[in-house]
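Student: I should like to examine the reasoning behind the terms applied to this model. Could we take them one at a time?

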Amino acid sequence: MSRLGTPTAVTVIGLGPMGRAMAGALLRAGHPVTVWNRTPGRADDLVAAGARRAPSPADAVAASGLTILSLTDYQAMYDILGPVADDRRQPGVLAGRTLANLSSDTPDASREASVWAADRGASFLTGGVMVPAPAIGHLGSYVFYSGPEDVFEVHEPALSVVGQPKYLGADPGLAQLFYQAHLDVFLTALSSLLHATALVTAAGVPAADFLPGALATLTDIPEMIGDGSQLARQLEAGEHPGDLSTTLMMGATADHIVRTSARAGVDVRLPEAVRSHYERAIAAGHGTRNWTALYEVIRADG
């Protein structure tokens with residue numbers, strides 16, 4: 001929607017599961033949608049639902065003031081739009097347009113892309129989508145954004161269709177930083193869940209007898225550490241009183257997990273990495289402090 005309530009035209013480039021979900025949500029919300037993908041057939045269902053299939057990336061960008069990119073990484077954006085943007089036969093294709101790159105990459109890649117876009121007359125927003133494709137456009141879906149605030153505000157109504165926009169600031173790298181940091185928690189949790197399942201199944205225990213309880217452990221974490229605000233305050237202040245689970249106690253458990261894994265023939269690299277945090281924290285004199293003292297050896301200046 002525009003600020004006046006009229007659905008604005010949006011282009012979606014990249015029609016993997018996420019891109020198709022975004023384009024579909026925009027269509028259902030009444031937006032005129034233009035799509036382009038290297039494999040044209042991926043657009044068939046969207047075209048049948050009312051989207052326009054652009055014959056080229058240049059035509060796709062020209063069709064809308066806002067182009068959403070849903071690609072493997074930022075290099076794919078350069079591969080697709082670079083030849084278009086730098087074609088002397090049709091200069092200024094990106095001028096006056098806004099690119100919202102919702103692909104995954106690094107914060108530095110986002111900052112470099114913002115400069116690249118600006119050099120070609122385009123505005124640039126970075127996005128980090130925090131839900132899987134089936135959740136796009138539904139309650140609970142949210143996306144981190146960063147870049148020029150005035151540009152974000154212009155396109156916020158259309159971007160809201162994809163998921164609740166959470167604007168972080170003008171630095172183009174912030175959305176990717178938050179995206180990667182959240183996925184750091186998510187991916188590590190998934191790996192730990194699979195590792196733990198392998199540990200018990202190696203002993204002949206059915207996965208079904210273990211996983212429900214393991215998932216409860218994950219969901220119970222907020223009850224153990226609260227909503228994060230108090231933990232954040234303590235980490236920022238460097239406060240790690242030894243009144244709870246100490247580094248020595250938790251480190252002993254971390255060592256037991258490594259030894260149990262090795263005995264079971266299960267891959268030990270993940271628990272070894274966790275154990276190393278405790279070993280280094282203890283070596284740095286944090287043994288009798290709370291487990292949160294691991295932060296002091298994990299952070300950049302630790």
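This is a predicted model: local features need pLDDT of at least 70, side-chain atom pairs count only at pLDDT 80 or more; totals for chains, interfaces and linings use all residues.

Student: How do you know that the span of helix α12 agrees with its 15 residues?

Tutor: The expected span is 1.5 Å times one less than the number of residues. For residues 269–283 this gives 21 Å, and the end C-alpha atoms are 21 Å apart, so the two values agree.

Student: Which residues of α12 are called buried, and what puts them on the same side?

Tutor: Buried means under 20% relative accessible area; in α12 the term applies to Pro271, Arg275, Tyr278 and Ala281. These residues cover an arc of only 120° around the axis, and therefore lie on the same side of α12. Arg269 and Ala283, on the other side, are exposed, a term that requires over 50%.

Student: What covers the buried residues of α12?

Tutor: The cover includes α7 (174–201), α11 (247–264) and α13 (295–298).

Student: What is the strand order of the open sheet, and why are β3 and β8 said to stand at its edges?

Tutor: The eight strands run β3-β2-β1-β4-β5-β6-β7-β8, with mixed pairing. β3 (52–53) and β8 (164–167) each have a single partner strand, so one side of each lacks a neighbour in the sheet.

Student: What makes β1 and β4 a pair?

Tutor: Pairing requires at least two bridges. β1 (residues 10–13) and β4 (residues 66–69) have four, in the parallel sense, and valine 12 has isoleucine 68 of β4 as its bridge partner.

How values were computed
Residues are numbered from 1 along each chain as its sequence is written. Side-chain values use heavy atoms; hydrogens and water are left out. Helices (H or I, at least four residues) and strands (E, at least two) are DSSP runs, numbered from the N terminus. Buried means under 20% relative accessible area, exposed over 50%, partly exposed in between (1.4 Å probe, protein chains only). The arc is that of the directions from the helix axis to the C-beta atoms. Contact means heavy atoms within 4.5 Å.
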